[in-house]
Amino acid sequence: MMSKVFFFLLLPTICFSQTLKGKVLDATNNKPLETVAIYFDNTTIGTTTDIDGNFSIDYSDAIQSPLVISYLGYEKVIIEDYRTKSDITIKLKSTDVSLDEVFIDFDDGLTREQKLKLFRKEFLGTSTYAKSCKILNESDIVLRYDKKSKTLYANAEVPIIIKNNALQYQISFDMIDFEAKYSYANLEEQDFTLERVAYAGTSYFKNLEKAEKKRVKRIREKVYKGSVQHFMRALYNKELKKEGYEIFHKGFKVYEYKYFKIEAKENTDLKKVTLKQKVTILYNRKEQSDMVAYVDSFLVDEYGNHSAIKGLYFNGALGSQRTGDTLPLDYDLNTKKETQK
């Protein structure tokens with residue numbers, strides 16, 4: 001089984017730290033909008049607009065995610081080229097789009113609780129950390145199961161709020177789509193074999209009250225080591241061996257970069273990676289994964305951001321990671337930057 005969880009992610013060019021200021025208005029009447037969420041996708045860096053619609057947000061070269069502007073009842077805006085600006089005005093368009101009633105009432109052979117159980121498993125995961133997660137607004141999630149294709153779909157008009165007690169994050173996940181396809185499905189026995197799962201969206205991480213506890217920091221570091229994020233950072237820096245990774249091909253151990261061609265991308269701090277053939281990745285001599293690329297190449301930066309995300313697939317340890325095992329993209333970046341100085 002090959003599976004890959006992917007998130008909407010773009011990679012702008014790195015530059016120096018700066019502050020972005022702006023104003024958010026209603027596109028219809030030009031009135032300022034208060035409490036609009038402004039955040040860098042999949043990070044802990046965010047803010048909201050004040051009574052006059054103004055906001056200010058700081059970022060550094062460690063932040064490679066798009067800027068997200070999200071407000072209930074309005075179309076979400078995603079800005080990629082914010083690094084070329086210092087002051088912006090965003091006009092949000094209201095939306096009256098509602099989920100199709102046919103979608104909501106579709107008779108698909110499963111009860112809502114049965115669909116929720118499947119959704120929790122494939123969205124949150126099954127690890128110890130995932131089991132500590134709780135979705136705080138499950139009633140906002142619309143689920144549909146297609147019996148013909150054996151596929152579970154999910155949607156939500158508002159961000160899904162997840163409380164991860166183990167990692168001490170509250171995650172606001174604004175879902176774009178979710179699809180879990182099964183190779184085998186027995187509805188009567190509730191027996192499902194997953195073929196692949198993919199979901200996309202933007203997310204904002206908020207530290208909870210116990211985030212600074214030493215125990216929580218140890219858990220976060222344990223989750224980070226051996227993650228896709230950790231692997232991509234090691235791949236970028238050509239530190240796979242140093243970080244505990246071994247690469248195998250057809251059962252034989254090979255030089256770590258025999259099947260990875262890594263090239264600097266001109267005028268950027270990005271690197272283009274070409275995976276020549278399917279490889280097996282062994283982390284810390286015990287966690288095994290397979291990696292295959294269905295694209296000619298993908299981009300990666302030193303912080304673990306990578307694209308094209310839909311073209312990379314993992315199974316095993318890396319493929320089993322879900323939202324409950326996820327850290328924000330800015331995890332540990334300040335510490336690493338200080339260490340490098």
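**Strands and salt bridges, term by term**

User: What makes β16 and strand β17 (residues 271–275) a pair?
Analyst: Five bridges join β16 to β17, which run antiparallel, and because two strands pair if DSSP finds at least two bridges between them, these strands meet the requirement. A strand here is a DSSP run of E with at least two residues, numbered from the N terminus. The model is predicted, with local features needing pLDDT of at least 70 and side-chain atom pairs pLDDT 80 or more, whereas totals for chains, interfaces and linings use all residues. Residues are numbered from 1 along each chain as its sequence is written, and side-chain values use heavy atoms, without hydrogens and water.

User: Why are β16 and β21 said to stand at the edges?
Analyst: The open sheet has the order β16-β17-β20-β21, with antiparallel pairing. β16 (260–264) and β21 (306–307) each have a single partner strand, so one side of each lacks a neighbour in the sheet.

User: How do you know that K253 and E246 form a salt bridge?
Analyst: The term requires a side-chain nitrogen of Lys or Arg within 4 Å of a carboxyl oxygen of Asp or Glu, and because the N to O distance for K253 and E246 is 2.8 Å, the pair qualifies. R285 also meets E246 in a salt bridge, at 2.9 Å, and this pair links parts of the chain 39 residues apart.

How values were computed: Helix = DSSP H or I, 4+ residues; strand = E, 2+ residues; numbered from the N terminus.
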